[in-house]
Amino acid sequence: MNQSKQTPSAAPETWGCKTDDLLTIYGVFRHGLGKAADLIRGAKPADRERVEFVSNHLKELLQALHNHHQLEDILWWDRLKQRAPESTPVVERMISAHEQVALLIEEVQGKLAQWVKSPQDKEELLSRLAHLNEVLFTHLKDEETYIMPLAAKVLTQKEWDEAHSIGMNEIPKNRMLVQLGYLLQCSPTPQLRQEVLDSLPGFVKLLYRLNGKKKFEKEWEKLYGEKPR
Ligand SMILES: [Fe+2]
């Protein structure tokens, strides 16, 4: 990511934003990582193609999580501390959770690479993954409880939306529509799903209908053995 640290500058009268779209992104992490152990256990060591397929899916998910956290680090923490100094201890807690998650992501990535080479050895991978999920899911809840309402008060909508536009640019072009499928599928409520659809430019919606949706559905079915909703 080639993004310099942002300096807080928006005037207080422009503060205030809608933050619930974050729950949709968290829906993807919660679902994907929550199901990861089942996928790993279910992949027969002799089925190299399946092991690689599951590993690639999880690598993509971990990369997305890493990118998402980097954006939070760059775009949120300084602004929140500056505009709501009383939130500093909470923000520091988020920063240290991110550091812990970053280390665990690296560990799981390393274990995934080992698993692909030696698919019968999956216990260490499963153990590191369980640790990652424990720390991550606690952290996501923490952000929902403390950071979302705080950001809703002191960040501008433009600042909040910046994370999406930068995040979108980090997704490889050939995966963008498929990842959109995961976002729609893992939206925690129909209303949030609709908000994702409403936020898309018309041509993206069209491309998704024409091409992305089928690709996503095929991939989801291959992963989980059932059709998406
Ligand atoms: Fe976070």
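In the predicted model, the largest pocket is lined by 45 residues, and those nearest its centre are Ile25, His164, Met168, Ile171 and Leu183. A pocket is here an open set of points on a 1 Å grid over the protein atoms alone, where a 1.4 Å probe fits and protein lies on both sides within 12 Å along at least five of seven lines, and lining residues have an atom within 4 Å of a point. The volume of the largest pocket is about 1300 Å³, taken as the space filled by probe spheres set on the grid points, which are joined across faces, edges and corners. Its lining comprises 25 nonpolar, 12 polar and eight charged residues, where Ala, Val, Leu, Ile, Met, Phe, Trp, Tyr, Cys and Pro count as nonpolar, Asp, Glu, Lys and Arg as charged, and the others, Gly among them, as polar.

At least two lining residues each come from helix 1, helix 3, helix 7, helix 8 (176–185), helix 9 (190–199) and helix 10 (202–224), and helix 7 gives the most, with nine. Helices are DSSP runs of H or I with at least four residues, numbered from the N terminus. Residues are numbered from 1 along each chain as its sequence is written. Because the model is predicted, local features need pLDDT of at least 70 and side-chain atom pairs count only at pLDDT 80 or more, whereas totals for chains, interfaces and linings use all residues, and side-chain values use heavy atoms, with hydrogens and water left out.

Helix 7 (residues 157–170) has 14 residues and reaches 21 Å from its first C-alpha to its last, close to the expected 20 Å, a span given by 1.5 Å times one less than the number of residues. Within helix 7, Glu159, Trp160, Ala163 and Ile166 are buried, that is, under 20% relative accessible area, with exposed meaning over 50% and partly exposed in between (1.4 Å probe, protein chains only). Seen down the axis of helix 7, the buried residues fall within an arc of 125°, so they line one face of the helix, the arc being that of the directions from the helix axis to the C-beta atoms. On the other side of helix 7, Lys158 and Asn169 are exposed. The cover over the buried residues of helix 7 includes helix 1 (22–34), helix 3 (48–75), helix 4 (77–83) and helix 6 (123–154), contact meaning heavy atoms within 4.5 Å. Glutamate 159, a residue of helix 7, has a relative accessible area of 7% and is therefore buried. Its contacts, not counting residues up to four places away in sequence, are Ala10, Arg79, Arg83 and Val154.

The loop between helix 7 and helix 8 contains lysine 173, which is exposed, with a relative accessible area of 63%. Helix 8 is mostly covered, eight of its 10 residues being buried, among them Leu177, Val178, Leu180 and Tyr182. Helix 1, helix 3, helix 9 and helix 10 are included in what covers these buried residues of helix 8.

Aspartate 198, in helix 9, counts as exposed at 53% relative accessibility. Arginine 93, in helix 5 (residues 88–117), is partly exposed, with a relative accessible area of 36%, and touches Asp142 and Tyr146, not counting residues up to four places away in sequence.
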